Amino acid sequence: MKSNKLILLITLLLPVFYVQAQKTEQILIETQHTALILKAGENGRIYQSYLGERFARTADYQKLPQGQEAYITGGMEDQFQPAIRITHTDTNPSLELLYDHSEVNNPEGNVRETIIVLKDPKYPVTVKLHYQAYVQQDVIKSWTEIINGEKGKIILQDYASSMLHFNAASYWLTHFNGDWAAEMKMQETKLTSGIKEIDSKLGTRAAMYQSPLFLLSLNGQVNENNAEVIAGTLAWTGNFRFHFEIDPNNSLRVVSGINSYASAYQLAAGKTFTTPVFIFTYSAHGSGQASRNLHQWARNYSVMDGNGSRLVLLNNWETTNMHFDEEKLVSMFGDVNKIGADLFLLDDGWFGNKYPRSSDNAGLGDWQPTRTKLPHGIGNLITKAEAAGTKFGIWMEPEMVNPSSELYEKHQDWILKLPNRAENLYRNQLTLDLTNPEVKAFVLKTMDDLITKNPGLAFIKWDCNRLMTNTWSPYLKDKQSNLFVDYVHALYDIFRQLRQKHPDLPMMLCSGGGARIDYEAMKYFTEFWPSDNTDGLERVYMQWGYSMFYPSIAVAAHVTSWGKQSLKFRTEVAMMGKLGYDIDVSKMSADEVAFSKQAVGHYKRLSSTIWKGDLYRLISPYAENRAVLMYVDSTKSKAVVFNYNLNIREREVVGRVKLQGLAPEKQYQVKEINQMPGATAILPNNGATYSGELLMKIGLDLNSWHLKPLTSSVIEITDI
Ligand code: DGJ
């Protein structure tokens, strides 16, 4: 009895505020600069009155119109895309959601959560809308819980994480499409009446053709400093859908969530379904501010160790592919030191004995080192790497199996494939059925054993090279339409349990390049692999695109032999992200090795500004034949400018570049760094001192008469 009272008392003291079911009350979800205002209507439904810049006077919100219903249900009177559509146990395909009450958790903290509880008046189905406001970062997360209080299962036909409404004169959507080696192409389109959908049905490599990211600009095209922009992304490592629909009144609704394609979800009696999180930021000052909001938020809340440090690594994939042996690898350990890097990453091709992995058609699933290649195993490689003064990391692709493998021979029932149909191989491989707890345990144990048995292991690259087709789970039986969702939940379980056991191990998220990147997975990963395409020119565009949403500390960028640009250009492109190498150091000239070592040194000195500073994108490669961007640290005492001349024409003239984010009153020394031995800087008056005001109002002539295609410079700016 006593302990019950104690629990009651503790519960009452928790910072949770239960708001009485006051009809017509307003629910304010505010960050430093943004407000999302919801309102319970006379009819008991909940409406979105406003989303935009925060008002100085809260009383003014009372004058807002009611707006559109916040989380529209299917099967009732609405005529457009619903946020939620369910089929009840008795087959009734409608849902009505009436406001019951709302709660606020942690109202004084930086992360404030509002929960709005809605109930169907006729059926025991409850829907909770969650809004988590990150006050300082101006980011809002929203997601939904759907609670089945019925006696039997209900079917979730559509189950969005978020529905947002806009009323503007025009809407411009920027989305990010691609393919293998061609990720993150930015495309902007004006939305017209009707529907535009950005989605994925690919399962494991969900983001291969479209990334789960968008910028929505109101009343004009997006730009870096002036537009009214919403940047949105779904934290879901699987099929997603963003639905943009303009109705006859020119109102836009944006419905974001899991793609319900082939995924009518069976929710058993008494169970709760929690949707993934939709993350958005609203900026009245263009995409630049939106990115800075997201970067700051991500480093603090959604990238593993986002405010920590990163290793400069040397990967062997581009140099050896799968053709190496112990001797070759050991010879490469010395290369790590030569260029000043920290870690050697052994890529694909080290495992399989009955079916050795000497090409991509064998071995996946058999995670034992190939004896003919590595007779002394992984532990011995780690010891040798350490003796050479470097750390050691390893590549894995634990969700996959090749038909040429012992795993395949033993466990046909562990594999996703259709009965009565030919196997549909993709890169000669199939996906394991993670929905089966036995398979999930196998994957977790494979990873855990590798790490536990090799305590010196300092890095993991987790790859995933196939998407899902001809997908069917032997385990799920009559619940096949839960497959796409349950697979992702199982994957998260594996990530979570692995992280509980190995909380500090740096891990790279990779999917044949950047085909699987999102903010839920990034909670478990320290960086991601944006693309197998490391051509310096291509990477300028790709990394530009990624920078819209992801902080540079998470964006792995390697210097390789792809691309015909100079080593300096390729290095300086990689330096704007998380620098690494995947190049044959033994083939570099002495000058190239010296340059690389110097570049790594500069990078290490400047990396905290690059990783944690505010990003200002100054000249877009989509607008000019060059790209210029800069990072400024939080005290405005250090900045780094990256300047890339792209397809420059003969006698092309470009303007001065006005810097941003500096303190106008400070004096800064402006110095180009990072030249090849014997070369001179292209920045006129290199090393001169200017005020922040001058640098921002007049700007810098970054190239002078040296403007040439595929050249670059890095400029260090230091207050004095
Ligand atoms: C695809 C990755 O993107 C590459 O970096 C490399 O790890 C290969 N897989 C190995 O198969």
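# Exercises on a predicted model

An open sheet holds four strands in the order β2-β3-β4-β5, and the pairing is antiparallel. Two strands pair if DSSP finds at least two bridges between them. Strands (E, at least two residues) and helices (H or I, at least four residues) are DSSP runs, numbered from the N terminus. This is a predicted model: local features need pLDDT of at least 70, side-chain atom pairs count only at pLDDT 80 or more, and totals for chains, interfaces and linings use all residues. Residues are numbered from 1 along each chain as its sequence is written, and side-chain values use heavy atoms, with hydrogens and water left out.

## Exercise 1: the ligand

Which residues are closest to the ligand, and what classes make up the shell?

Solution. 
- Step 1. Sort the shell. It has four nonpolar, three polar and six charged residues. Nonpolar means Ala, Val, Leu, Ile, Met, Phe, Trp, Tyr, Cys and Pro; charged means Asp, Glu, Lys and Arg; the others, Gly among them, are polar.
- Step 2. Look at the atoms. A ligand oxygen is 2.7 Å from an N or O atom in the side chain of D347. A ligand oxygen is 2.6 Å from an N or O atom in the side chain of D348. A ligand nitrogen is 2.7 Å from an N or O atom in the side chain of D463.
- Step 3. Check the cover. On its own, the ligand has 290 Å² of accessible area (Shrake-Rupley method, 1.4 Å probe), and the protein covers 97% of it.

## Exercise 2: positive phi

Where is N250 found, and where does D305 lie?

Solution. 
- Step 1. N250 is in the loop between β17 (240-246) and β18 (251-258). Its phi is near 65 degrees, a positive value in a residue other than glycine.
- Step 2. D305 is in the loop between α2 (286-301) and β22 (313-315). Phi of D305 is near 50 degrees, also positive in a non-glycine residue.
- Step 3. Classify N250. Its relative accessibility is 29%, so N250 counts as partly exposed. Buried means under 20% relative accessible area, exposed over 50%, partly exposed in between (1.4 Å probe, protein chains only).
- Step 4. Classify D305. At 43% relative accessibility, D305 counts as partly exposed.

Note on methods
Polar contact = N/O pair within 3.5 Å; in protein donor to acceptor, adjacent residues only side chain to side chain.
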